Amino acid sequence: MKEDAPMQKYRIYAQKISQLMWLVVTLFVLLGFLFSNVYGNTYFALLTGPRTTVSSPPVVLQVGIAGNSTIFMNNTSAKTSAVAPTSTPANYDYVLKVVNEASDLWKIRLKAYSQSNIERLNNCTIYFHNASDDFSGQVYIVNGNYTQQTGPWYDLPASPTETYIAVTLEADNSEVSYINVYLEILIPNKTTYIRYILTFEFT
Amino acid sequence: MKNLKIIGNIKLNKSSKFLILLLASILVGTANAAIFYSLTMQPQVTVSIPVIKFDHADDEPAGSTVDDAWCSLTAKSYPNATLTYEQAVNLTNTDSVNAHLFRLTCISITPANGSADVGNWTSIKFLVYNSTGDYVFSLNFTVSDNNWGLAPTGGQTAYYSIPASASWSIRLETLSPAAATEGKVCRIQITVDVQ
């Protein structure tokens, strides 16, 4: 049976459309390859190679002549115990010694960073002094509250020098208070510093 | 010859022919891609400053070397004491117009995991601060059971955008345990990947 002319015409159109679609798909594939070649990121890497060497501490802690201090391994942390009287203030001169073993000048200060049961302390002053009795108040607690948590920078001259850490204490009762303090050791005119941990136990 | 005749006698409809054409075009496309790629691999090479470069900083440890595209820091670590170099080295965006993305990636560290020598460190931290002194991100190495723990996991940070002409600083913090042995050395290689 012979198809009529319009039907034949439509079939030819349909074939042509199908061919055209294949052609378009093929072109898209080719274009896809083309674009993949022009796409990219600028990328480069810089390199840093830090080398960290374990070194002996330039500043060390030593026990004092008052209170009861324990110096831990490598002399970079310590725990100090002292009794806080309830009647008149007691002065412990000195509970720890800070010794410069390097030929460099340093600056040091104390920074209280945590505590427990300090409400009972009527008066607590932790301070530096040297052999010539120079005084630098570092941490102050008055009536159970800090009035100063971070002390001013204090010079620790080049070796052989030492600075003393002393405490004045008075409490309301015979409980126990703890104050954790950083001894910060700074290179002058820099922002390079070392932190030692000191724990003060006041009974 | 006989085989060729058989192939020649195969009848293909138009769709099959187009499919073959399509496959052929993919093949040609691949070949073209290779050619284009090789063309892009012939760039003009000009010596220039990296878009983001290392710069000297106030707390650069003594004995360190800082070049535009490479730096070697010689830091110390003390037993039971935290040593902080607040501005160990700076990263500067030399592009005065555009911000750029960069990240830190650890590519090697010695002593390697499992070595008893790893126990001579508690942590080594690289903290990035922006121009106004605000913390942005960090790459940290923390020791546990003679193994290095990297944070972020995998030792690679996300990308961060450094504004045009800005200079950011890398703070280096080191801490060794009380029983650390003097003279032990740790080497870390970090890349600063820039986009």
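Two strands pair if DSSP finds at least two bridges between them. The views below come from a predicted model.

**View 1. β8 of chain A has a paired neighbour in β12 of chain A.**
The strands are β8(A), residues 121–129, and β12(A), residues 161–171. They run antiparallel, joined by eight bridges. Look for His129(A): opposite it, in β12(A), stands Tyr164(A). β8(A) also pairs with β9(A), residues 135–142. Seven bridges join these two strands, again in the antiparallel sense. Here Tyr127(A) stands opposite Gly137(A) of β9(A).

**View 2. Two hairpins link β8(A) to β9(A) and β9(A) to β10(A).**
In the hairpin of β8(A) and β9(A), five residues lie between the strands. The hairpin of β9(A) and β10(A) has two residues between its strands. In this hairpin Asn143(A) takes a positive phi near 50°. β10(A) covers residues 145–148 and pairs with β9(A) over three bridges, in the antiparallel sense. Ile141(A) has Tyr146(A) of β10(A) as its bridge partner.

**View 3. Six strands of chain A form an open sheet.**
The strand order is β3-β6-β12-β8-β9-β10, and the pairing is antiparallel. Strands of a sheet pair through backbone hydrogen bonds, either parallel or antiparallel. At the edges of this sheet are β3(A), residues 59–63, and β10(A). Each edge strand pairs on one side only. Neighbouring strands of the sheet are turned by 25° against each other on average, direction ignored. Inside the sheet, β6(A), residues 90–100, pairs with β12(A) over eight bridges. Those two strands are antiparallel. Val99(A) marks the pairing: it stands opposite Glu162(A) in β12(A).

**View 4. Gln138 of chain A sits in strand β9.**
Is Gln138(A) buried or exposed? Gln138(A) is buried, because 23 other C-beta atoms lie within 10 Å and the cut-off for a buried residue is 20 or more. Which residues does Gln138(A) touch, not counting those up to four places away in sequence? They are Arg109(A), Leu110(A), Ile126(A), Tyr127(A), Phe128(A) and Gly151(A). Take Phe128(A) from that list. It is ten residues from Gln138(A) along the chain, and the two C-alpha atoms are separated by 7.2 Å.

**View 5. Chain A and chain B are in contact.**
On this contact, 38 residues of chain A meet 60 residues of chain B. Four elements of chain A give two or more residues to the side that touches chain B: α1 (5–38), β1 (44–48), β2 (51–54) and β14 (192–202). The largest share comes from α1(A), with nine residues. By class, this side of chain A has 18 nonpolar, 17 polar and three charged residues.

**View 6. Strands pair across the two chains at β2(A) and β12(B), and at β14(A) and β5(B).**
β2(A) pairs with β12(B), residues 185–194, over three bridges. The sense is antiparallel. Arg51(A) has Arg187(B) of β12(B) as its bridge partner. β14(A) and β5(B) are joined by four bridges and also run antiparallel. There, the bridge partner of Arg195(A) is Thr82(B) in β5(B).

**View 7. β5 of chain B is mostly covered.**
How many of the twelve residues of β5(B) are buried? Eleven are, in a strand that covers residues 82–93. Within chain B, β5(B) pairs with β1(B), residues 52–55. Four bridges join them, and they run antiparallel. Asp55(B) has Asn90(B) of β5(B) as its bridge partner. β5(B) also pairs with β11(B), residues 167–175, through eight bridges. That pair runs antiparallel too. Val89(B) stands opposite Ile170(B) in β11(B).

**View 8. Chain B as a whole holds two helices and twelve strands.**
From the N terminus on, its elements run α-α-β-β-β-β-β-β-β-β-β-β-β-β. Chain B has 195 residues, of which 30% count as buried. Now take the contacts in chain B between residues at least 6 apart in sequence. Of these, 74% join residues at least 24 apart.

Methods:
Residues numbered from 1 in each chain as written. Chains lettered and ligands numbered in written order. Predicted model: local features only at pLDDT ≥ 70, side-chain atom pairs only at ≥ 80, totals over all residues. Contact = placed C-beta atoms within 7 Å. Nonpolar A, V, L, I, M, F, W, Y, C, P; charged D, E, K, R; others polar. Axes fitted to C-alpha atoms, helices over the stretch in contact; angles between N-to-C directions.
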